Amino acid sequence: MVYKFRVILDAEEDVFRDIAILEDDTLEDLHNAIFNAFGFDGMEVASFYTCDETWNQEDEISLFDTGDVPGEQRIMSDYPLSDILDAENTKIIYVYDFINMWTFLVELAAIEDQEIGLIYPNLLFSHGEMPDEAMEKSFEADMNDDIYGDYEDDFDEDDLDNLDGGDNFEDYGFEENWN
């Protein structure tokens, strides 16, 4: 079977590519097809991120093993597309070049029979021109779990008056460090 993807650049202008690739190809093959379709040189690090239906980022699948124990972390070449994406799970996020953060929304649009005579991966359609620079991203934490926002201690500004450098501190005999 052939997976047909629409790969959309996260930008103000509409820039996307439609790519057909075999279901048994790996995420690394899809990575290669994407950076070629958008005109990158392929010399930068990239990752895919699984996500839910509303594009909320979940697990990272990197191009290279970045784990503490070599071989312990699975990478793009370990995942056939059919292991990650199917008719129910159609979305994945792709980030190319972690300095510029080129971010793409990759959606499985169709699963079709392979066409005789076509070479895969295949760039089916191209729309829009790549901007000179990636959109600036702002990464903000979700403050729903803010453990410090409602924190109340027993000290206030009046307590700072007690820190006058007097006899409040125990002498640990480290005077040589303060000279």
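I take helices (H or I, at least four residues) and strands (E, at least two) as DSSP runs, numbered from the N terminus. I note that this is a predicted model, in which local features need pLDDT of at least 70 and side-chain atom pairs count only at pLDDT 80 or more, while totals for chains, interfaces and linings use all residues. Residues are numbered from 1 along each chain as its sequence is written, and side-chain values use heavy atoms, with hydrogens and water left out.

**Entry on the sheet.** I counted 2 helices and 7 strands in the chain, and I read their order from the N terminus as β-β-α-β-β-α-β-β-β. The 7 strands make an open sheet with antiparallel pairing, ordered β4-β3-β5-β6-β1-β2-β7, where two strands pair if DSSP finds at least two bridges between them. Because β4 (57-62) and β7 (122-127) each have a single partner strand, they stand at the edges, and one side of each has no neighbour in the sheet. For β4, I found that β3 (residues 46-51) pairs with it in the antiparallel sense over 4 bridges, and that C51 has Q57 in β4 as its bridge partner.

**Entry on T26.** I located T26 in the loop between β2 (16-22) and α1 (27-37). T26 counts as buried because its relative accessibility is 15%, buried meaning under 20% relative accessible area, exposed over 50% and partly exposed in between (1.4 Å probe, protein chains only). Leaving out residues up to four places away in sequence, I found T26 touching M76, S77, Y79, P80 and L81, where contact means heavy atoms within 4.5 Å.

**Entry on the whole chain.** I looked up the buried share, which is 32% of the 179 residues in the chain.
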